[in-house]
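Here is a short briefing for a reader meeting this structure. Start with the model itself, then work through the points by topic.

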Amino acid sequence: MRTCFEATFGFALAGALLFADPHAALADTILKYTPSAEPRILDPVVTTAAVVQEHAYLVYDTLISLDADQRPQPQMLEGWSVSQDGRAYTMTLRDGLTFHDGSPVETNDVIASIKRWSQRDPHGVRLNALGMRLEALDAKRFSVTLDQPSDLVLTAFGKMSASALFVMREEEAASTPPTESVRQVIGSGPYRFVSAEYRPGARMVYEKFAGYAPRKEPASFFAGGKVANIDRIEWVIMPDATTAVSALEANEIQAYESPPIDLLPVLQSNPELVVRPLGNLGQFGYLRPNFLHPPFDKVEARQALALLVDQTEVLSVAAGADPDNWQVCYSFFSCGGVNENSAGTDGLHPRNVEKAKELLAQAGYKGEPVTLLVPGDNVVLNAFASVVEPRLKEAGFNVDVQVSDFSTMIARRSNRNAPGSGGWSLFPMWNYTFEADNPLHAAYFNMTCNEKAFFGWYCSQEIEDLKAKWVLAKSPDERKAITSRIQEIMAADLPIIPIGKFSVPIAFSTKVDGLLDTPIPVFWNARIAD
Amino acid sequence: MTTFILKRILAAIPVMVFVALFVFSLLYLTPGDPALVIAGDRATPDEIERVREALGLGRPYLVRFGEWFLAIVQGDLGRSVFSGVPVSDLILQRLEPTVSLMVVTLAIATSVGVPMGVFAAWRAGGWVDRIVVSAAVLGFSVPVFVTGYALAWLFARELQWLPVQGYQPVSGGFVPWFRHLLLPSLAVSTVYVALIARITRSAMLEVLGQDYIRTATLQRACRSAACSTSTRSRTPPSRSSPSSASAWR
């Protein structure tokens, strides 16, 4: 009898050891998600990479967030008041805000976070240029005072990304320079980062933070209540797209951020998967010419380039044949945004190869090599370049295609030498459309007339002066007039050639419910259906 | 003996220094810029430069090499410039999966490759031999990632017997650990199975052609009931005598 009992117990123990799932008892619901890339850096102040912003939205919280109508709403704040002269804001934190280590969120943490963030972020830098001063009035209230009245404070504090203002502990924010990553990821967001289970290159784990107090309002875009319904979120890093698609179909992961376009039909035919873009903001593609060297130092050559780009052709290759996934758009500001404006761009389309040849001749083009940088490992940018290249050759450009990985392309674009000496002439890029919603945001709006300008080194002091006026504008109409003027100048000078708007769908299991239509996937509000 | 050991250790030192120089220099030769990766693709040149300065990436080569080498000899592998995690921790994290994959791959490669080679040699020239040789050629020719995709498609997606991806530590149970390792090990082992099968086959053929094997074969044949005195009289003499040696030529 005893022997029988011992044998049974032994078998049970062996079975438990053999088949044990270490996570089975830890959480009720688990979502396994594969992001578009691995976040190499976990600090949203140090890097502008979108996937790091995704990570940050899980573990940190923001003072202000944008709702579905793109209006700033209090998030960590109870509210704010503005002085009569419009220079001073008094902001009050909500009750019950707690960091993941149990310490309360106080104004010292907020002020340290703002100071650190404002040294890197373009909006923050503008606020500092306006003489921003921060003062803690007590543990929950603080003031933000500017030398001149501007509502840039709300725009800056509530911006969605790159970089959003995430609140960190004073311990990290005050002691870590903005060019170095914080060593500990401790926020006050709806999920806490489980650093003990972090495996760089393989896995990142987030667990629901029981101490998080969501707002009472329903979730609306990045605003409202951030209710964490899913207990545990595991980011499974899978650089190989085919493996990720297979894992999604086998339900080993439940969501995959950016499946390759050529595999979309496979996923779309699976009744257990949903494949759709999140929301309608999407991304905005463009070509960036180099203003330092021929031929694109001449406006006629840039006009020729613009006349060779057929947005429908490019977008259907980059974003798929389904026209619901893309939109032809010639605005330099975000398509579908409040500043969308196609003024001055009528001459950029439709494609006209003969006119392009004439313009190239007017530019005095002598056959100089046009070095086109192509990131072969980036599906969308590779598609942009592959469609544009033959069109350039058709018009007589002497194209020298330089294919590399994305990191190498990023490195090379900082090279100011001539194309034949390690430099470049043209590279493709995209931004989230919300990054092009105002003239401070997207990198290509950096038009300072020095080496700090965005790669390509287009210089427009007039636009820089208009940006300064935009910051101080007193009304939406005044701002609109300024952005219209900026659009006109850009349409004439062509610092970028717009390729249009597109959306890369996310694929997820039908069991995942409640994913918000945010351009960056966020997982509060989502749940796993039984 | 002691002198020999000391000499060997001393001889290894310049080799280690050369290897260290070579490995460190590879960082300069490989494309990419850590500062750019850290700063993000939308960073301005000014921001990238600040990150580069903060990481000390702009310092002279010899200064950086000296610091790195001194740290290495003290066992300090430093921290990742990206994640901030100690490099030794990163290596340890990968040790178990790497060793697991290596062990299972070797087990498969030897347990499949050796018998394949033996069978092929035993039936040299026959259809078994041809199948094994063809399989070995395929094993060499087909890229591992293609084999991996095919195995994942068949066993993970179609039959759903095994997982597509992922690793389970052995502390989480032997069966989950082995199930996650099986497909990648099979894919990686194909080249080694092919190699071991070919080498085993060649070695076996050489051995099977040896005189002592022929002798053993004949002796075994003569012990069978079909073997008559006439067969015994036609058995060639032993090779050990000079006359027998000339008879065998």
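In this predicted model, helix H8 of chain B has a kink of about 40°. The kink is centred on Ser189(B). H8(B) also falls short of the length of a straight helix.

**The kinked helix**

- H8(B) spans residues 174–208 of chain B.
- There are 35 residues in H8(B), yet its end C-alpha atoms lie only 41 Å apart.
- A straight helix would reach 51 Å, at 1.5 Å a residue.

**Where the chains meet**

- On one side, 39 residues of chain B make contact, and on the other, 51 residues of chain A.
- Together the two chains bury about 3,700 Å².
- Carbon and sulfur atoms account for 56% of that buried area.
- Between chain B and chain A, 5 residue pairs are in polar contact, counting pairs with both residues at pLDDT 80 or more.
- Sorted by class, the side of chain B that touches chain A holds 21 nonpolar, 9 polar and 9 charged residues.

**The salt bridge**

- How many salt bridges are there between chain B and chain A? The count is 1.
- Its partners are the side chains of Glu249(A) and Arg157(B).
- The N to O distance in this salt bridge is 2.2 Å.

**Backbone details in chain A**

- Most peptide bonds are trans, and most residues other than glycine have a negative phi.
- Pro295(A) sits in the loop between strand E13 (283–289) and helix H9 (299–308) of chain A.
- The peptide bond from His349(A) to Pro350(A) is cis too, with omega near 0°.
- Pro350(A) lies in the loop that runs between strand E14 (326–327) and helix H11 (353–362) of chain A.
- Gln70(A) is not a glycine, but its phi is positive, near 65°.
- Look for Gln70(A) in the loop between strand E2 (64–66) and strand E3 (72–74) of chain A.

Conventions. Residues are numbered from 1 along each chain as its sequence is written. Chains are lettered from A and ligands numbered from 1 in the order in which they are written. This is a predicted model: local features need pLDDT of at least 70, side-chain atom pairs count only at pLDDT 80 or more; totals for chains, interfaces and linings use all residues. Side-chain values use heavy atoms; hydrogens and water are left out. Contact means heavy atoms within 4.5 Å. Buried area is the accessible area (1.4 Å probe) that two parts lose on being put together, summed over both. A salt bridge is a side-chain nitrogen of Lys or Arg within 4 Å of a carboxyl oxygen of Asp or Glu. A polar contact is a pair of N or O atoms within 3.5 Å; within protein, one must be able to donate a hydrogen and the other to accept it, and residues adjacent in sequence count only if both atoms are side-chain atoms. Helices (H or I, at least four residues) and strands (E, at least two) are DSSP runs, numbered from the N terminus. Ala, Val, Leu, Ile, Met, Phe, Trp, Tyr, Cys and Pro count as nonpolar, Asp, Glu, Lys and Arg as charged, and the others, Gly among them, as polar. The expected span of a helix is 1.5 Å times one less than its number of residues. The bend at a residue is the angle between axes fitted to the seven residues ending there and the seven starting there.
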